[in-house]
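Please look over this protein with me.

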Amino acid sequence: MEISIEKLQELIDGSDNIVFFGGAGVSTESGIKDFRSVDGLYHMKFKYPPETMLSHSFYVRHKDEFFDFYKDKLLECTCGENPAKPNAAHLALAKLEEKGKLKAVITQNIDGLHQAAGSKNVLELHGSVLRNYCEDCGKSFEASYLYKAAGVPKCDKCGGDIKPDVVLYEEGLDNSIMSRSVQAIQEADMLIIGGTSLVVYPAAGLIDYYRGSKLVLINFDATARDSMADYSIHGKIGEIFSQLKI
Ligand code: APR
Ligand code: ZN
């Protein structure tokens, strides 16, 4: 059922175990492109399809081209001249957690903006551009080190290749992050899903663990799972959250 912001406010006021499940649409109002919107990354023209370039096999076989794409399209918004900042959606979620009403943010995003907004319990299903490790000795590196490196970033300790801690296609998700996400969703009295097309598994399948009757879907476009929502609001999630009294 499509609801008003007032109804969303009422649902939030009446809940003290909220879990948020989000995707790239949470960060578009911070200036980061999503993937599948009409102006998203996957609608742009590249030598290879972006979903191919973000796969493990492409990473292994074409590291130079992987890092060209990765730095230009995924790292630029974090390390470039105008790094993305948390928007009203990130900030509202952090405030709900601070007030003890929200227990976890489960995100498919790798931009670290929820933590930058102050959220503490953030479950990053697809990893983070902020964590990078040498494939040989395991030394960790800041994102800026990769951003500044020419070509494939190399470890300054052993010369090994550095890999971002992001989950590429064909790679598995972290088991403990997944089980903590399942538990949070099972225990939630309210599940808010925002800014995601819900088409990538296993992430999208997590919402099936929700057992309550306050599943709110906040998304600009219709999603693959609109019919399972108890309530929905179609619009910009930052704008919507900025109208809430938290
Ligand atoms: N407010 C609300 N919804 C928005 C906004 C906004 N400001 N901007 C975009 N959206 C919606 C779009 O309508 C779209 O349905 O967010 C959704 C984003 O969907 P995707 O681009 O598919 O992003 P996401 O669901 O996070 O993709 C999941 O796919 O390629 C992989 O690993 C990548 O984590 C990503 C996964
Ligand atoms: Zn090393």
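V19 has A104 in β2 as its bridge partner. This is a predicted model: local features need pLDDT of at least 70, side-chain atom pairs count only at pLDDT 80 or more, and totals for chains, interfaces and linings use all residues. Residues are numbered from 1 along each chain as its sequence is written, chains are lettered from A and ligands numbered from 1 in the order in which they are written, and side-chain values use heavy atoms, with hydrogens and water left out.

Strands here are DSSP runs of E with at least two residues, helices are runs of H or I with at least four residues, and both are numbered from the N terminus. Two strands pair if DSSP finds at least two bridges between them. β1 (residues 18-22) and β2 (residues 102-107) run parallel and are joined by 5 bridges. β1 also pairs with β7 (residues 190-194), again in the parallel sense, over 5 bridges. There, G22 stands opposite G194.

Is β1 mostly covered or mostly open? It is mostly covered, as 5 of its 5 residues are buried. Buried means under 20% relative accessible area, exposed over 50%, and partly exposed in between, for a 1.4 Å probe and protein chains only. I18, F20 and G22 are buried on one side of β1, and V19 and F21 on the other.

## Two nonpolar cores

A nonpolar core is a set of buried Ala, Val, Leu, Ile, Met, Phe, Trp, Tyr and Cys residues joined through side-chain atoms within 4.5 Å. The largest one has 26 residues, and L8, F20 and F241 have the most contacts inside it. Elements that each supply at least two of its residues include α1 (5-13), β1, β2 and β7. A second, separate core has 24 residues, including F21, I106, L125 and Y210.

## Domains and the zinc site

The domain assignment, which is automatic or from a database, gives domain 1 (5-32 + 86-126 + 173-241) and domain 2 (41-82 + 132-166). Their centres, taken over C-alpha atoms, are 27 Å apart.

Which residues hold the zinc ion (ligand 2)? The protein donors are C134, C137, C155 and C158, each through SG, at 2.2 to 2.3 Å. Donors are N, O and S atoms within 2.8 Å of the metal (3.2 Å for Na, K and Ca); water is not among the atoms, so sites may look incomplete. The 4 donor atoms subtend angles of 100 to 118°, so the arrangement is tetrahedral. Four donors count as tetrahedral if all angles lie between 85 and 135 degrees.

The donor spacing in sequence is C-x2-C-x17-C-x2-C. C137 lies in the loop between β4 (127-134) and β5 (140-141), and C158 in the loop between α7 (143-148) and β6 (162-166), so the pair ties together parts that are 21 residues apart in sequence.

Most residues other than glycine have a negative phi, and most peptide bonds are trans. The table lists two exceptions in phi.

| Residue | Phi | Relative accessible area |
|---|---|---|
| E170 | about 80° | 58%, exposed |
| L198 | about 55° | 2%, buried |

E170 is in the loop between β6 and α8 (175-187). L198 sits in the loop between β7 and β8. P202 is also found in the loop between β7 and β8. The peptide bond from Y201 to P202 is cis, with omega near 10°.

Note on methods. Four donors count as tetrahedral if all angles lie between 85 and 135 degrees; four count as square planar and six as octahedral if opposite donors are over 155 degrees apart and all others between 65 and 115; anything else is irregular.
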